[in-house]
Protein chains: 2
Amino acid sequence: MSKPSYEALVGTLRKTATLKSVADLVSWDQETYMVGGAAEARSDQMSLLAGMLHERQTSSELGDMIAACEEDGEVMGDELQSANVRESRRDFDLETKLPADLVAEAAKVGSQSQEAWKEARAKSEFSLFEPYMEKMLQLTRRKAECYGYAEGGELYDALLNLYEPGATAKQVEAIFAPLRGRLAGLIAELADSSSPPDESPLDISMEQARQHEFGQFVLKTMGFDLGTGRLDTTAHPFCSGIAPGDTRLTTRYGGRFTESLYGTMHEGGHGLYEQGLPKTAFHGLPVSEAVSLGIHESQSRLWENLVGRSEAFWTWAMPHARTMLNSKLKDVSVEHMYRAVNTARPSLIRVEADEATYNLHIMLRFELERAMLVGDLAVKDLPDAWNAKVQEYLGIEVQNDSEGCLQDVHWSFGLMGYFPTYCLGNLYASQFWEALQKDLPNLSDSIAAGEFGGLRGWLQENIHAHGRRYSAAELCQRATGQALSADPMMRHLEETLRPIYGV
Amino acid sequence: MSKPSYEALVGTLRKTATLKSVADLVSWDQETYMVGGAAEARSDQMSLLAGMLHERQTSSELGDMIAACEEDGEVMGDELQSANVRESRRDFDLETKLPADLVAEAAKVGSQSQEAWKEARAKSEFSLFEPYMEKMLQLTRRKAECYGYAEGGELYDALLNLYEPGATAKQVEAIFAPLRGRLAGLIAELADSSSPPDESPLDISMEQARQHEFGQFVLKTMGFDLGTGRLDTTAHPFCSGIAPGDTRLTTRYGGRFTESLYGTMHEGGHGLYEQGLPKTAFHGLPVSEAVSLGIHESQSRLWENLVGRSEAFWTWAMPHARTMLNSKLKDVSVEHMYRAVNTARPSLIRVEADEATYNLHIMLRFELERAMLVGDLAVKDLPDAWNAKVQEYLGIEVQNDSEGCLQDVHWSFGLMGYFPTYCLGNLYASQFWEALQKDLPNLSDSIAAGEFGGLRGWLQENIHAHGRRYSAAELCQRATGQALSADPMMRHLEETLRPIYGV
């Protein structure tokens, strides 16, 4: 048999990608249109597909192909091909590092643990969840040990690297630490304001069908292609970049109309990234994939917050909203709406937090999960530690664990190292936004005119088009000329919120 | 290695069934929610899944397992197990009989042929399609030769057997031949009526959302479980029994509301069969699958025509329709509606034909495709032969080939032997209906009261529960005490239509 070639690697990766796209479609259906009675059959389908995928992703044939490419000077001399080989190596190594019995045990215990968490949260009794949290922590540690981390690093890096490749706990800490004080300071300033925004326009009720139509109109104006994507309704909004030409978003209705709208714009930002990745040119190859969760989140947050909460956006959107959503909006000025959607106020639940305080929710989770992982914090002490940090960072008191350390599902199945990417997304978004404004001096005017082509083009060229060709850190450096820093986000929040609150 | 066991066969069949259920879900999505831009990726997904399925269904391991079971006295002595082995043998032999190059050529030419057919139909020019029809006929003949047929039979049997296992062209001819004259006679009688039904109630317009809600209400009352099934909207209605607990129906709106309602009830009948098959008990095994297309169609036709066009049905449905669909129906009596939905009139397009004339459309197709296959009819002579038969059986003239021999897609990709199952479905439905009325003397009263449990129970017990345990012919004999005959349908049509038309 001849030596496996780069073409052979491409062929096998494409087939795997196609199989994965089937699994993604099946998952999408589960969240959107599947009826309850199909749950058991669906679990069989998902487990069959997961098994087939795992087999392909860990096969020795794939390992041999990657190794052969790594020894091929011509392949490694080509920037694009070598990036694909490098990232394939990363994926293959990660996929093959966990022993099968650990994966099976984590899946089994994780499933029990999630049930225990649900009950504990419903009853607000941490003690019901504590033994499972203990087990999941041990399993997560074992996983992290299998993955490993760079010399001089720590166990947390092994997990963080799964979601934000190459990032370390120390780097995150270095960015988060100064941010915490500045954010807490800003929030304290706002709390003293004698003229906070009036949120009453947000409580105007809107028909769901009209909201859906308006959401699609905004998506279309953002540049999201509804000929290669769609918008549906689910309990929890998400974006799935299923396949080339098939990017599916969901949102939910029932709360404030702005909650649904920002849900749609958030997923629309993810969706523009998925539609902007070079999936057709490099189908199934790493360079056609998203580089990190932090960068993915930066795209959603940029559209949700930097665009969607700007005065320019509402200058454009308000006349359409008055016609398409509810004529009562005729009594609401653009400025009134702009102020209302920028309300910032400490609250207990992360997923309901505003743009500013959200980051503090993330920081305390990062600190607590890191401390648990290295053994500085015992599981039994988690509720007290959580409540103390909420008091310290947000200045409010946790009344029970349901609205405290039991509020998020993540830890119940051992998901650690994931939370920081939410905040990194906000930071990347603001840093890209500053660069964007330099490159597109009329950005605000364009947005006010409903012209998003320049913005989308910049994101496409500087972020989307590169896929995994560069690391997230390199991408940030190339797009903004600087390493990631918390300054742009703090500038954005201070410059937006201080005038609104008159402080 | 030990001898493959029956349990091993069950294991491999289940895995194949799960993979097939994934392919069915992907197909369902393609018809319902997939956006146009995903077409190319979808084609990759479908072809990957089809390849994986074919590999599993034709593997020598599977062949060995079946052979081992056939030699196992204990397995073959068990009625259920031996039925599964017998049907697995049938499937395996059919799957392995076509050489790969023939399958590939048929797929390639079939695809070109469908395009040519579309153009020919649009322009109503048979000559554009003729060379492709010629090629597809040759390929279909070659396929039929590979499949083979029983001694004393003919090439057509090899194709018919794919859809109606065990049926032969001679049997079908024996049933169809006397039917033709009786049907044509009845239709001629009706044409002479001086008091045909007034169809005006069918043209009352209804909101789509209300129709959808009413359709779901009717399905639920029929006993279709919306907790293990759903109803969506597509260009062409269908039913897909995707997996245990996952049966999905579609209908369409835009024409008469009764067209949509009967579409829903038709697919609902298919859906009840899928939900009634013992899919949970015998997951993935042949005895959990539908026995033939004719039997499947009998279930849809029974609900659409025997139930849905009965006076008893409208006695129950009319008050609900008045409330849920359109209050204008208050001016329409049950009898008026009953007469309107039983209009019978010769027309050119099969899919728009009424319950009576539909069968004549099928018969002429059966006769023409059988004649082409054995060489008694040249492709170039098809339009003339078609038009002559339409004149003879339906008494109307074909003005152009678009509404003549180019109207159906089937032949364009070589699908022959399939058409008869539509008419067999009607015949089975009427024969089951006569048996049902003997077993449930109060059936009409129950239907008029909206009580469908007895009817559904009879179908469940006599048809659905058996899956492929018996052949369609055996099933008919067991359920009705007689072999299939055209008499029950003719009695049903004559007894329904003569009083309505006053002839």
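This dialogue explains how to read several features of a predicted model.

User: Which conventions apply here, and what pLDDT do local features need?

Analyst: Residues are numbered from 1 along each chain as its sequence is written, while chains are lettered from A and ligands numbered from 1 in the order in which they are written. In this predicted model, local features need pLDDT of at least 70 and side-chain atom pairs count only at pLDDT 80 or more, whereas totals for chains, interfaces and linings use all residues.

User: What radius of gyration does chain A have?

Analyst: The radius is taken over C-alpha atoms, and the globule rule is 2.2 Å times the number of residues to the power 0.38. For 503 residues a compact globule would be near 23 Å, and chain A agrees, with 23 Å.

User: Which residues have the most contacts inside the largest nonpolar core?

Analyst: In soluble globular proteins, nonpolar side chains tend to be buried together. A nonpolar core is a set of buried Ala, Val, Leu, Ile, Met, Phe, Trp, Tyr and Cys residues joined through C-beta atoms within 7 Å; buried means 20 or more other C-beta atoms within 10 Å of the residue's own, with C-beta atoms placed from the backbone. Here the largest core has 108 residues, and those with the most contacts inside it are B:Phe129, B:Met363, B:Leu427, B:Tyr428 and B:Leu497. A second, separate core of 107 residues includes A:Trp433.

User: What is the strand order of the open sheet?

Analyst: Strands are DSSP runs of E, at least two residues, numbered from the N terminus, and two strands pair if DSSP finds at least two bridges between them. In chain A the order is β1-β3-β2, with mixed pairing. The edge strands are β1 (229-233) and β2 (239-243) of chain A.

Terms used
Buried ≥ 20, exposed ≤ 12 C-beta atoms within 10 Å, placed from the backbone. Helix = DSSP H or I, 4+ residues; strand = E, 2+ residues; numbered from the N terminus.
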